[in-house]
Amino acid sequence: MPLPVPARILAPLPEELTSFVGRRRETGELRGVLETSRLVTAVGAGGIGKSRLACHTAGRLTRAFPGGIHYADCAHGEEALTRVLTAAPGAKALLLADNCEATRVPVARLVGQALRSSAAWHVMVTSRQVLGVPGEHVYRLPPLDLPEAGERSTVRIGACDAIALLLDRARAVLSGFALTRENAPYLVELCRRLDGLPIALEAAAAQMRVLAPRQVLDRVVSSYDMFARGIGPAAPTLLACVQRSAEMCSPEERELWADLSVFRGPVTLDAATAMGPAGADPETALHLIAGLVDKSVLVREDTRDTVGYRLYAPLRHHGHRVLQESGGTLRARRLHRDHQLRITEAEAARTMRDTPDAAWPPSRADGAELSAALETCLSDPEAGDEGLRLAVARWPYWQAEGATAEACHWLECFVRAGDLPAAGTAAYAHALWVLAWLRGAQGDSREARAVLRHGGAVARRLADDSAAAHTAFVQGALDLVEGDADTAVTVLREALERLTGPEDAFGGMMAALHLSLALGQTGADDRQARVIAEQCRTQYRMPRWKGYPDWVLAAEALRQGDIDGAQASALEALQSFLAVEDRPATAAALELLARTAAARGDDRQAARLVGAAAGHCPGVPAPARLLSTAAIRDHHFGLCASVRRHLGPRAFEAAIAEGGAADLGELLGSTLAPVPRRPDRGSADAAGGPLTTRQWAVAQLVAEGLSNREIAGRLVVAQRTVETHVEHILARLSFTSRVQIAAWVTERVGLSAVPDAALPAQPAMTPRSPVRLARQVRRALR
């Protein structure tokens, strides 16, 4: 079979004055679509490279279209297209109608007639707006591929199309320009700031003949208008391109375009509707959004479970300029702030209240949008308590992200001045206890106490019972942080009695859990400590905090020597923390698992789990990851010191690094495998008599002649905890000295009271821990 004769390009394609860079994937996709559809419209924002891609693709399809390649530029009218269509082709032919947005209606009519009149015609159109002709296949052209933020490899950076184009055009004006480790961060950020749009990248490259990449980036960040006016031939093209998009839109569409420019990222349909014309119904707003999408001003982006809309950088900055010129910037920013406040408070209501069958909502408030809304609250001279309400509603998400420093920053911005308009509101009173809670979690008890004193005074002045009760709960939590467990028990009991309303569910549960920890730390009532944590599991129905009771149960079980129970509860907690993407809490659960591994004698696995915890939540100190107490802080340092001593510094550091880089699922699998451990030295029920399991273990080590410090190292607990246990043992047995404890233990189990007489027993194997939990955790990890 003879090969088809290459077609002549009857109406010449535009000459390529610059090299064609990248777009290999898009070229292949467009060719594939042309093989199956007779009418293909390449659609995209102005300056995204539609014409270059279409001409490049058409020039390589001469063998596929023996009837010829026909080109018509329709930017200034349909006359060129009419001339091409005067005669029907004798064989399969491709018509490329370029720049059709300004002449969309007549082009659609002519193309429709050509397709109906001759089966030989195949048409490729470039336009910012679809033609709307039956049988039209729309190919939406994306921007150039971008490097990942923070990417350091110059090889991977240079492989991205956006960087390749920027380098190619920069070399055209500056011979020898190259990608280096020094300029790579600026070039990456420049491409990302310009959204990978070829026309904007070419404008940036043109300025590099007189400016360094860092200086060009500074112009983009600090004064985009100066950048757009530029110092090279591409700048007028960039401005003209954006202006043509504006001319395509109706006045109502241009107004919405300007209002949406206050968003820093994708805009949801709800957000776009909220920003629509005053008094407009949702259907009207939806039609305006559809119009902007059809004209490639807004670009659709699929998110997790919905659709978002993005303005590319040149279009967004054009909207900024229109707002400034019309005096509408503050109005638009207030609309944006109010929308962020609505969705964030709605999420907080589901997060902080006891709601049956509630589900932890994924935060729809983007961090950049929230920062913009908070900045509006600070700069708006007529703002009320919106900023406080927004920060208070957002803090659970900040905490889950390990961003307590950011939460404290914004809260302090709004509570610093006592004469703020919001200082006499309930939002102000609640912001103070939240700030004190977060400062305490960071380990800054002194600052937390100062904020709490002010918050108590404000709550009393406003007669706000809820704020006063939450203030009392945080005070008890701070007592526990500072090691005063007895005072904490008293304060937390009083707070718990007052935190009974549905809006107080978070405070009630946290007060109860801290009370459980405090009771355990005093050793006064181990059974009640566990019962309180168990009740929290069933009484409160808040998915965001579901794992916290399990975590406390694990800590309490470990304190009482129930290693298997501690591991099972820690895995339950870990599963819940992973489900809600709570990074600090996940790290805290991993550290509890590290303590169980150390208690079993598996020091290497304990170090790996400590490393995994640190890697999962970098930047947050271990004692600040979850319900912080003096004992938890001491446990962390005691665990690390004990494991380092047993492994040696070099092996310890290697295991830490290994855990930080390990796959969490595999690491958990190692945790659940059988590990060697020493057999129990008697049962508390059988030999320990009136002592708890943990007290019996401490008493046995006292009988061996170990000091409190040595016992703490052996049990991987804080020395202060051992001292408390010894005091309670003496009280329960009515003894006055450690010698009496040793004699009593010797009598019950026959251990020698001679120091160091008890040698380590041979390792035994413990049963495998719950496999079902491991599978659930690994499934959550995937």
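1. D218 is partly exposed, with a relative accessible area of 35%. R214 also counts as partly exposed, at 41% relative accessibility. (Buried means under 20% relative accessible area, exposed over 50%, and partly exposed in between, with a 1.4 Å probe and protein chains only.) R214 and D218 form a salt bridge, with their closest N and O atoms 3.2 Å apart. (A salt bridge is a side-chain nitrogen of Lys or Arg within 4 Å of a carboxyl oxygen of Asp or Glu.) The two residues are four apart in helix α9 (residues 213-222), so about one helical turn separates them. An α-helix has 3.6 residues a turn, so residues three or four places apart point the same way.

2. A word on the source. This is a predicted model: local features need pLDDT of at least 70, side-chain atom pairs count only at pLDDT 80 or more, and totals for chains, interfaces and linings use all residues. Residues are numbered from 1 along each chain as its sequence is written, and side-chain values use heavy atoms, with hydrogens and water left out.

3. Next, the overall picture. The protein chain has 37 helices and 10 strands. (Helices, H or I of at least four residues, and strands, E of at least two, are DSSP runs numbered from the N terminus.) Of its 782 residues, 54% are buried. The accessible surface comes to about 34100 Å², and carbon and sulfur atoms hold 52% of that surface. (Accessible areas come from the Shrake-Rupley method with a 1.4 Å probe; for residues, only the protein chains shown count as cover.) Take the contacts between residues at least 6 apart in sequence: 73% of them join residues at least 24 apart. (Contact means heavy atoms within 4.5 Å.)

4. The largest nonpolar core has 109 residues, and W437 and F473 touch the most other members. (Such a core is a set of buried Ala, Val, Leu, Ile, Met, Phe, Trp, Tyr and Cys residues joined through side-chain atoms within 4.5 Å.) What does F473 touch, not counting residues up to four places away in sequence? The list includes W433, W437, L492, F506 and M510. Another core, of 55 residues, lies apart from it; L53, M124, A184 and F227 are among its members.

5. Salt bridges number 32 across the whole structure. One joins the side chains of E412 and R439, at 2.6 Å from N to O. This pair links distant parts of the chain: E412 sits in helix α19 (residues 404-415) and R439 in helix α20 (residues 426-441), 27 residues apart. Both E412 and R439 are buried.

6. R128 and E101 form another salt bridge, at 3.7 Å from N to O. R128 is in the loop between β4 (121-127) and β5 (136-140), while E101 is in the loop between β3 (93-98) and α4 (104-117). Both residues are buried. Elsewhere, R23, R25, E26, E29 and D145 are linked in a network of salt bridges.

7. Helix α6 (residues 161-173) has 13 residues and should span 18 Å at 1.5 Å a residue; its end C-alpha atoms are 19 Å apart, which agrees. (The expected span is 1.5 Å times one less than the number of residues.) Its buried residues include I163, L166 and R169. Their cover includes α2 (50-58), α5 (154-158), α7 (184-193) and α8 (198-207).

8. Three strands form an open antiparallel sheet in the order β6-β8-β7. (Two strands pair if DSSP finds at least two bridges between them.) The edge strands, β6 (267-268) and β7 (298-302), each pair on one side only. Two bridges join β6 to β8 (residues 307-311). V267 has Y309 as its bridge partner in β8.
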